[in-house]
Every structure is written in structure tokens, then in C-alpha cells.
Amino acid sequence: MLLESVHGEDPLLTEASKHLVVAGGKRFRPMLVLLASHFGDPAAAGVVPAAVVVELTHLGTLYHDDVMDEATVRRGRESANARWTNTVAILTGDYLFARASDLLADLGPDAVRIQARAFARLVRGQIQETVGPAEGGDDLKHYLRVLADKTGSLIAVSGQFGALLSGAPASVVETVTSACEKIGIAFQLSDDILDIDSEAEQSGKTPGTDLREGIRTLPMHHVLAGVGSGPDDARLRELLAQDLSDDTLHAEALALLRAHPAMDHARADLRHWAEDARADLLTLPDIPARSAFTGLCDYVVSRTG
């Protein structure tokens, strides 16, 4: 259904739309839809279309993210903006959002409203990340709010759709939604750690993209707040305060950040969010899907090494 939904009459649009679909990926969000559906009837008619909706929405954001980040690699392949142009990548992302909306219309007004509100949060999170924290505001709190909106919102909706459309009890829908948002935040924290700590062949993305773009993630916030200490603290803070588009400066900052104790503090924060999600999940009925969900809590931690 995912492949069918991106097929269109225009050859370029079809090719560009399929670019990231065929590149693979973890299909994390649709997996959450399918898992959550086991708290009700997993064969319910709306479950698979909802899984496609959340993946299409996620893919659309990736096309736009790569334009904003000027990324050249996505999922181990040339990014759409690098292969074609920024304009083609932006329009392809828009097309995927339109295709998701088309499928969503068949799932009823409640599903449309849930998705619309999540999409509003997603855009708000991107704006907040772009603008940055208010003067005198709490940088770390701002960062976590961006994470919740940009990533947690759609992952929360994935679990919500699965439970809701399968006919699960309202209390289960609420718990799954809450747990999935926390898993989503943990997932993004692990992504941010991987952006610093992994090589391109491991993550499928260019290492240090956030660093190069001036996006401060959790390890960087810890460095600037003086959490942990290292012999090169002063130099690293100096680098984090300047433009790192220069390859030499970027490489130096990336190496210093990788070796800094702030990375261990970030991993501890990641474990905290994963354990909070697990606590929610353990209140759900004891079925195999619950074990699979708690396994995801382990996964988001273990993927960072």
C-alpha cells in the first residue's frame, strides 16, 4: 500500500516519491501502529491505512528536513535535494502529505483531527528549533519541547491510531499514546547521539549534521551548561559558539564532542525517558504486544551503543 500510494501519473514525481520508500528505513512509526492494534482487533479495516499515513507523513518531513539541512545523504543514499533540486524535494514532500491526507479521509473525522493537531505540533517544533529559545529562557527545556513536538507528536499518533482504530478501550488508547510520545523523545535523543557518535555507514546520514547546522542537541547543551568536564572544555565551548561550516573546525568540534563526558550524561537522559515509557507500558494488559513495546524501550537505548 505504501508503494501504491506514491505512484502517480507524472514519472518524475513518482520516481522522487519512491526514492525514500525504496531506500528502506526502520518503518518505526507504522510498526507502532501495528503493535498498538493488538490491544484491540489488529484486523480492523483502518489499521494498515493508518500505518501508511504515518509513514508517508514522516517521509514527507524527511524531504523537507534534508532541504533545510542541505543534507546530501539520507538512509545511505543520495538525498532527493542532492539528486534533483530543492524545489523537487519540497514539492515531493508536499505530495506525500497530500497522499497521506487522502488515505486519512477514509478513517473518519476523529483520525483527521488527531493527525492535523499532530502535524501542527510538528511544524511548531520545527519553527521553535529554527528560531531558538527566547532571550533568558531555559535552553534545555526549549530543546526537549522541540523534541516532543517534532518527533514525539507523530510517534504518539502512531500508537494512538493503532489502539484507537482497533477498538481498544479508551484507557489503553491514552496509555499507549503517552508511552509512545516518551519513546519518540527517547528515539530522537538516540538519533541526536548517533549524529555525533556514529559513522555514515552506521547511521545512513552524514555525521555531525546538527553540529554543522548550528542545531544544539542534548550533548551540546550539557557541554555549555558545564555538565561533566573535560580537558578541552574551553575550546569546545568556543567552537560551539561559532559557525562550523568550515570542514576543519567541524571535524575538530566533532572529535572533542565525541570524547566529552557530556555524551555519557546524554545517554543517561535517554535511559530515563525509555524507563518512563516502560513504566506506562507495564500498566497495559499483559499480552505479547506489551512485551514488544517494552523491547522497543531497550532498542532505543541499545542502538546508541
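The following legends describe close-up views of a predicted model.

**View 1. The largest nonpolar core.** This core comprises 48 residues, of which Phe-39, Val-176, Ile-183, Leu-211 and Phe-293 touch the most other members. Two or more residues each come from α3 (28-36), α8 (139-165), α9 (170-197), α12 (218-224), α13 (233-240), α14 (247-258), α15 (262-281) and α16 (288-302). The greatest contribution is that of α9, with twelve residues. In soluble globular proteins, nonpolar side chains tend to be buried together.

View 2. Neighbours within four places in sequence are left aside here; beyond them, Leu-211 is in contact with Asp-195, Met-220, Leu-240, Leu-244, His-250, Ala-253, Leu-254 and Leu-257. Another core, of 33 residues, lies apart from the largest one, and its members include Ala-50, Tyr-95, Leu-103 and Leu-104.

View 3. Arg-237 is paired with Asp-233, and their closest N and O atoms are 3.8 Å apart. Both residues belong to helix α13, where they are four residues apart, about one turn of the helix. Arg-237 is partly exposed, with a relative accessible area of 30%, whereas Asp-233 is buried, at 9%.

View 4. Arg-235 forms a salt bridge with Glu-252, with 2.8 Å between the closest N and O atoms. The pair links distant parts of the chain, since Arg-235 lies in helix α13 and Glu-252 in helix α14, 17 residues apart. Arg-235 is partly exposed, with a relative accessible area of 28%; Glu-252 also counts as partly exposed, at 28%.

View 5. The closest N and O atoms of the salt bridge between Arg-278 and Asp-298 are 2.5 Å apart. Here too distant parts of the chain are linked: Arg-278 is in helix α15 and Asp-298 in helix α16, 20 residues apart. Arg-278 is buried, with a relative accessible area of 18%, while Asp-298 is partly exposed, at 40%.

**View 6. A network of salt bridges.** The structure as a whole holds 18 salt bridges. Side chains of opposite charge can pair when their charged atoms come close.

**View 7. A nonpolar patch on the surface.** Met-1, Leu-34 and Val-48 make up this patch, and together they have about 250 Å² of accessible area. Met-1 is located in the segment before α1 (2-5). Its relative accessible area is 44%, so Met-1 is partly exposed.

Definitions and conventions: Residues are numbered from 1 along each chain as its sequence is written. This is a predicted model: local features need pLDDT of at least 70, side-chain atom pairs count only at pLDDT 80 or more; totals for chains, interfaces and linings use all residues. Side-chain values use heavy atoms; hydrogens and water are left out. Patches are made of residues with over 30% relative accessible area and no salt bridge: like charges are joined within 9 Å, nonpolar side chains (Val, Leu, Ile, Met, Phe, Trp, Tyr) within 5 Å. Accessible areas come from the Shrake-Rupley method with a 1.4 Å probe; for residues, only the protein chains shown count as cover. A salt bridge is a side-chain nitrogen of Lys or Arg within 4 Å of a carboxyl oxygen of Asp or Glu. Buried means under 20% relative accessible area, exposed over 50%, partly exposed in between (1.4 Å probe, protein chains only). A nonpolar core is a set of buried Ala, Val, Leu, Ile, Met, Phe, Trp, Tyr and Cys residues joined through side-chain atoms within 4.5 Å. Contact means heavy atoms within 4.5 Å.
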